[in-house]
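Load the model in your viewer and keep the selection panel at hand. The tour below goes from one selection to the next.

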Amino acid sequence: MQVFSYSRLDKKSRCPWAFAQSYILEKKEPVTEALVLGKSVHTLIEMARVLKVEREEELKFLAESIAGVASLPVNAEEILTLATRRKVTESIGKGFTEEYFKISLSPEDPFGPELQGYIDYYEVTDTEIVVTDWKTNRLPYNPLDTHQLGLYALYLTQKYNKPVCGRLVFLRTGETREHLYTPEDIEKARRWAYDTALDIQQKIYALNCGGNLDELFPATPGDVCEYCGYAEECAKLADILEDDPGEFVSMKEAEKYGREICRLERAADLMKERLKQYVEKNGPVPVGKKQWDLVISQYWKFPQEAMKKAEEKMKDQNIDPLTVFSLTATGLKKLNWTDKEIAELGASIKPTKNFKLVSIK
Ligand code: SF4
């Protein structure tokens with residue numbers, strides 16, 4: 001292995017076992033809906049640029065065609081909405097899109113590992129390069145949280161010898177997060193990529209000399225399992241059920257348990273997905289007095305006009321609408337009021353405690 005992409009290096013850093021399944025054993029990772037949606041949005045952006053398509057009906061047709069051939073059901077409307085955000089359409093035709101690059105990760109070592117990739121979009125101004133990566137993630141993060149833009153900055157500074165501003169655009173919300181890369185940031189990204197690539201090469205060498213794949217590329221359960229397609233296979237490695245400590249006596253034991261739950265939950269999700277496909281074709285699957293089935297859930301949706309009529313009907317029946325209607329979190333979001341403004345109205349926050357996996361602040 002000589003040429004590495006950012007995603008390959010990132011996979012190795014996050015979970016060596018998942019990396020080995022993908023890139024050494026070449027086992028195809030089952031795709032996830034999030035991945036298919038992200039790829040579809042990028043495809044539409046690229047097709048719109050290459051075919052110079054701007055009209056809405058044409059873009060809609062392209063989005064439907066892309067959704068039609070996607071490996072998992074994705075919503076054409078969602079693809080269209082995300083790919084035609086103002087920040088994307090404004091950029092079409094201005095800068096460089098989907099540029100391929102390949103550079104050495106260590107200029108002093110001609111036989112050293114190389115890095116390749118495609119850059120979503122960048123613009124060259126008089127003073128700097130602005131490199132953009134479109135993201136369909138639900139949760140935004142900062143450019144320095146990963147080394148992706150730092151590595152793009154490495155290539156672009158070599159090509160243009162100008163400062164590079166890295167920009168992540170989160171298409172769901174339109175939120176943009178930027179960072180002006182310093183030479184130290186870029187060197188840190190290069191060092192990480194170089195060390196990770198060398199580590200992979202050394203481990204592959206050890207494997208070829210008779211090493212054990214599971215030991216050289218260990219599974220590292222944790223939050224990374226959330227979208228992993230190998231979880232069902234990987235869960236077979238879990239020893240937690242045999243070694244159950246009962247009551248935890250240390251944070252280390254509790255952490256191991258927490259990590260295993262991530263892996264087992266993901267495996268259960270994938271198993272459910274497979275079972276669902278069976279149920280879709282063959283009907284409900286009984287498990288004792290219950291059964292796995294596709295159940296329709298329904299709720300009333302009130303358009304504005306229906307809401308008005310509901311309010312009038314309540315008044316006719318001497319019911320105070322305020323005893324029925326409430327401002328939901330979604331409604332408050334639309335109003336864009338600050339916490340202070342809400343508190344001044346006399347509202348108060350009612351905290352509830354839920355046990356779940358959350359991001360570390
Ligand atoms: S389930 Fe978790 S530990 Fe297993 S391969 Fe995937 S990411 Fe790694």
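Helices here are DSSP runs of H or I with at least four residues, numbered from the N terminus. The model is a predicted one.

**Stop 1: a negative patch.** Which helix gives the most to the negative patch? Colour residues 251–282: this is helix H11, and four residues of the patch come from it.

Now pick Glu273, a residue of helix H11. Is Glu273 buried, partly exposed or exposed? Its relative accessibility is 37%, so Glu273 counts as partly exposed, as that class lies between under 20% (buried) and over 50% (exposed).

**Stop 2: a nonpolar patch.** Clear the selection and take Trp300, Phe302, Met307, Ile319, Val324 and Phe325. Together these side chains make a nonpolar surface patch with about 630 Å² of accessible area. Centre on Phe302, in the loop that runs between strand E8 (290–292) and helix H12 (304–316). Phe302 has a relative accessible area of 46% and is therefore partly exposed.

Stop 3: Select residues 164–170, strand E5. How many of its seven residues are buried? Six are, so strand E5 is mostly covered. To look at one pairing, select Thr132 together with Arg167, its bridge partner in E5.

Conventions. Residues are numbered from 1 along each chain as its sequence is written. This is a predicted model: local features need pLDDT of at least 70, side-chain atom pairs count only at pLDDT 80 or more; totals for chains, interfaces and linings use all residues. Side-chain values use heavy atoms; hydrogens and water are left out. Helices (H or I, at least four residues) and strands (E, at least two) are DSSP runs, numbered from the N terminus. Buried means under 20% relative accessible area, exposed over 50%, partly exposed in between (1.4 Å probe, protein chains only). Patches are made of residues with over 30% relative accessible area and no salt bridge: like charges are joined within 9 Å, nonpolar side chains (Val, Leu, Ile, Met, Phe, Trp, Tyr) within 5 Å. Accessible areas come from the Shrake-Rupley method with a 1.4 Å probe; for residues, only the protein chains shown count as cover. A salt bridge is a side-chain nitrogen of Lys or Arg within 4 Å of a carboxyl oxygen of Asp or Glu. Two strands pair if DSSP finds at least two bridges between them.
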